[in-house]
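Subject: Structure handover

Hello,

Here is the structure for you to open. My notes on it follow below.

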Amino acid sequence: MPRARRSQLPDSPRPLPAVAYDAVRTLAVRGGSPWSRIADEVIVNTGSTHDRAKRVAGLARTARCVWSGHLGSKPEREGTPFWPQGGNLMDSSMNGSGLRYSGESVLVTGGASFIGSHLVELLVAQGARVRVADDFSSGSMRNLYGVSGEIEIFAGDLRDPGVAARAVDSVQTVFHLAALHGGRGYIDTHPVECTSNMQLDHVVFSAAVAAGVTRLVHASSACVYPVDLQASDSERLLLREEDANFHEPGKAFADGEYGWAKLMGELQLHAFHKQYGVDAIAARIFTAYGERENESHAVIALIAKAAAKLDPYPVWGDGKQTRNFTYVRDTVQGLALAGRLTGHQVLNVGSARHHTVLELMDVIFDHLQWRPADFTFELDKPVGVRSRASDNTRIQALTSWEPETSLSEGIARTIDWYVASTPPERLTRLEDLLLSR
Ligand SMILES: NC(=O)c1ccc[n+]([C@@H]2O[C@H](COP(=O)([O-])OP(=O)(O)OC[C@H]3O[C@@H](n4cnc5c(N)ncnc54)[C@H](O)[C@@H]3O)[C@@H](O)[C@H]2O)c1
């Protein structure tokens with residue numbers, strides 16, 4: 001195929017299709033090809049502008065990829081732009097307490113994910129030498145655009161012990177975020193995938209301990225808490241860590257297969273601590289939201305429906321269920337602080353404020369300055385427990401952490417990102433997106 005001359009290229013803002021991703025994947029990762037060659041390939045294959053192709057190529061080149069067979073099990077979705085997903089939220093104020101990870105070698109499994117990518121940015125800002133291991137089954141290189149030149153990227157399926165062993169090599173601390181996971185629509189319809197996380201956790205913990213990793217931080221979940229404590233509209237409990245444990249009868253009654261698998265992840269984590277003495281921190285993350293999250297999670301789903309101006313506006317459930325929506329910048333601050341603890345620790349990382357979904361919708365409508373005339377309450381849709389929020393006594397005592405971002409500020413930032421980065425055609429297939437990862 002003849003090469004397109006740069007002067008002939010249209011300067012259109014259309015997204016790069018999957019073929020561009022393939023070109024980068026084939027050329028960049030295999031041999032560290034110079035960006036100009038990759039850029040040319042992207043131009044030939046996509047008719048993109050030189051500047052845009054150059055940015056893609058630069059991203060691929062600067063990411064020091066350790067190639068373990070494939071980069072992701074699927075290309076970027078057709079029509080999804082191969083561009084940075086939301087800015088780096090880790091401004092200079094985020095590392096004000098000093099380089100807490102200075103020079104430390106840290107692995108973030110699932111680091112290309114929504115939460116994982118923000119954590120990677122924070123750890124880089126705090127001086128860590130970061131490696132990301134991800135199979136890109138739902139994570140994306142786009143999420144790592146801002147730090148791609150400063151991290152090592154290891155692509156592969158961590159359920160494979162050989163892949164896991166290479167990923168943990170020469171690492172001091174592992175943040176284990178990789179999981180088959182999504183919003184309520186996904187976890188309720190994919191119980192088998194959710195239970196497979198028990199296998200993934202075991203392989204990662206085993207490899208880490210065998211390689212001499214000194215600290216494991218496991219991304220656990222509020223879904224480990226007994227559902228009977230979260231069943232009431234009127235009695236809004238704050239969940240305490242001791243409410244879910246392995247020692248007392250009646251304290252293990254997790255939320256579905258996903259919650260049980262996370263609880264078993266905690267059990268395994270404790271076993272590795274008990275037998276091998278590795279520092280083992282289970283961080284129970286509560287409903288995080290923010291830039292780079294997808295529509296299978298409630299906050300982004302509600303923003304997407306409002307951005308699409310759906311009227312009547314569909315709501316899963318009656319809207320009176322509560323959650324403690326925690327802005328992702330706060331979540332990853334909590335995770336990074338948890339990663340400085342020693343011994344065996346279990347701690348909540350979430351907000352102690354209950355908000356109903358109806359209240360959340362009001363905040364979204366206010367920011368968008370749009371409100372539907374009518375609502376459809378879809379009572380047959382999966383909604384999870386009635387009420388959930390975090391007691392933060394323990395994490396405050398151990399780390400002084402508490403969430404700093406108000407719901408209105410976090411939602412405003414999330415909406416601005418979503419509206420700016422979402423191609424309009426994506427809003428036409430919301431039904432599918434609400435149930436996928
Ligand atoms: N989002 C939340 O509110 C929330 C709440 C509680 C707990 N968590 C946990 O935090 C972690 C990150 O959450 P997220 O919302 O960013 O999730 P996510 O689904 O976006 O991220 C999971 C990541 O793991 C990767 N992955 C999946 N299977 C893998 C495998 N076999 N090998 C390598 N990589 C693999 C995916 O590509 C993705 O990047 C997950 O463990 C999740 O269960 C999240």
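**Strand β5 and its partners**

β5 and β6 run parallel and are joined by 4 bridges. Strands pair here if DSSP finds at least two bridges between them. Strands are DSSP runs of E, at least two residues long, and helices are runs of H or I, at least four residues long; both are numbered from the N terminus. Within this pairing, F175 stands opposite V217 in β6.

This is a predicted model: local features need pLDDT of at least 70, side-chain atom pairs count only at pLDDT 80 or more, and totals for chains, interfaces and linings use all residues. Residue numbers start from 1 along each chain as its sequence is written.

β5 (residues 173-176) also pairs with strand β2 (residues 105-109), in the parallel sense, over 4 bridges. There, T109 has H176 of β5 as its bridge partner.

Both faces of β5 are covered. T173 and F175 are buried on one side, V174 and H176 on the other. Buried means 20 or more other C-beta atoms within 10 Å of the residue's own; exposed means 12 or fewer; partly exposed is in between, with C-beta atoms placed from the backbone.

**T214**

T214 sits in the loop between α8 (197-210) and β6. It counts as partly exposed because it has 15 C-beta neighbours inside 10 Å. Leaving out residues up to four places away in sequence, T214 touches Q172, T173, V278 and D279. Contact means C-beta atoms, placed from the backbone, within 7 Å. The C-alpha atoms of T214 and G277 are 8.6 Å apart, although 63 residues separate the two along the chain.

**Around the ligand**

The ligand is surrounded by 27 residues. The cut-off is a C-beta atom, placed from the backbone, within 6 Å of the molecule. G110, S113, G139, A179 and I285 are the closest. Two elements give two or more residues to this shell: α4 (114-125) and β6 (215-221). α4 gives the most, with 3 residues.

By type, the shell holds 13 nonpolar, 9 polar and 5 charged residues. Nonpolar covers Ala, Val, Leu, Ile, Met, Phe, Trp, Tyr, Cys and Pro; charged covers Asp, Glu, Lys and Arg; the others, Gly among them, are polar.

**The chain overall**

The protein chain has 15 helices and 14 strands. Of its 437 residues, 51% are buried. Among contacts between residues at least 6 apart in sequence, 81% join residues at least 24 apart.

Best wishes

Methods:
Contact = placed C-beta atoms within 7 Å.
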